[in-house]
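Open the model in your viewer and keep the selection panel at hand. The tour makes two stops.

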Amino acid sequence: MEYANHLNEYAPAMSASEVDNEVVRIREIAKRNHNNDVYKFCYSAIDITTLSCNDSIKSVTEFARKTAEFYTRYPHIPNVASICVYPAFVETVGLAIDGTPMRITSVAGGFPASQTFLEVKALEVAMAVENGADEVDIVMNVGHMLSGEYDEAANEVEVIRSEMDKDIILKVIIESGALQTPELIRKASLLSMLAGADFVKTSTGKISVAATPEAAVVMCHAIKDYFNHTGRKVGFKAAGGVRTPEDAALYYTIVEEILGKEWLTTDLFRIGASSAANNLLSAIEGKEVKYY
């Protein structure tokens with residue numbers, strides 16, 4: 001399918017200075033959201049993540065069991081949205097959390113570089129889903145985007161989307177830190193949505209520049225424009241570098257200001273994090289908590 005031509009149906013990207021001004025404005029507003037209600041919601045929106053080269057069946061099992069035990073250890077705090085792991089550990093997580101409402105997210109499709117054969121990407125996604133993944137996070141081909149090969153980038157997403165049933169959530173990582181400019185970040189966001197993404201996600205967390213509020217502003221405006229054109233709501237996920245409660249509240253406020261409170265559900269807002277979980281728990285409990 002030709003996707004690039006559809007970009008002309010949307011307004012151009014904001015300028016870098018316009019984005020900077022919006023971030024300054026929202027940073028000030030975000031102070032109102034430095035409170036326990038927001039922190040609890042942000043905790044519940046986390047895809048708690050272990051994506052390390054030293055992950056093992058033992059370590060992932062322990063991680064997943066600890067996440068499942070949170071329901072009884074902290075009944076006054078809503079648990080995280082999902083556990084995010086490499087495809088080979090999807091079944092491991094499923095066994096560890098059996099009997100809980102916890103969802104399983106798998107990175108797949110050649111994560112984190114997306115530099116392999118499309119057939120391999122599609123097969124890896126299909127295997128993750130077959131093993132029990134409820135949600136899949138893939139990386140848009142950044143090389144295609146930087147080379148202006150927009151149809152190729154979007155068509156890969158379309159092919160991968162076709163490997164899943166409609167009830168599987170697809171999050172597309174645009175790697176905003178590599179795209180850098182508002183124009184490319186907006187194009188990647190729109191192309192992802194046009195190709196079937198249920199969420200647009202900032203980053204893998206595997207390159208030097210991860211989530212930034214500037215990228216989030218551009219992405220959320222793209223999501224809003226796409227919704228106004230199509231009537232379909234697409235979610236936003238900030239990942240990589242979200243560490244403090246204030247970081248989480250800032251992304252919460254960006255979504256609140258640009259997309260509105262109706263986007264502030266775990267069906268439409270996620271945070272990819274590991275260290276942020278303990279820091280949010282510490283803020284909520286009023287003392288240092290090292291649960292993970």
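Select S192 and its surroundings. S192 touches M140, V157, V172, I174, A197 and V200, leaving aside residues up to four places away in sequence; contact means heavy atoms within 4.5 Å. This is a predicted model, in which local features need pLDDT of at least 70, side-chain atom pairs count only at pLDDT 80 or more, and totals for chains, interfaces and linings use all residues. Residues are numbered from 1 along each chain as its sequence is written, and side-chain values use heavy atoms, without hydrogens and water.

Now show the cartoon. S192 sits in helix α9 (residues 182–194). Helices are DSSP runs of H or I with at least four residues, strands are E runs with at least two, and both are numbered from the N terminus. Is S192 buried or exposed? S192 is buried, at a relative accessible area of 0%. Buried means under 20% relative accessible area, exposed over 50%, partly exposed in between (1.4 Å probe, protein chains only).

Next, select strand β1 (residues 46–49). I46 and I48 point one way, D47 and T49 the other, and all are buried. In a regular strand the side chains alternate between the two faces of the sheet.

Bring in the neighbours. β1 runs parallel to strand β8 (residues 269–273), joined by three bridges; strands pair if DSSP finds at least two bridges between them. Look at D47: it stands opposite G272 in β8.

Three bridges also join β1 to strand β2 (residues 82–85), again parallel. There, T49 has C84 as its bridge partner.
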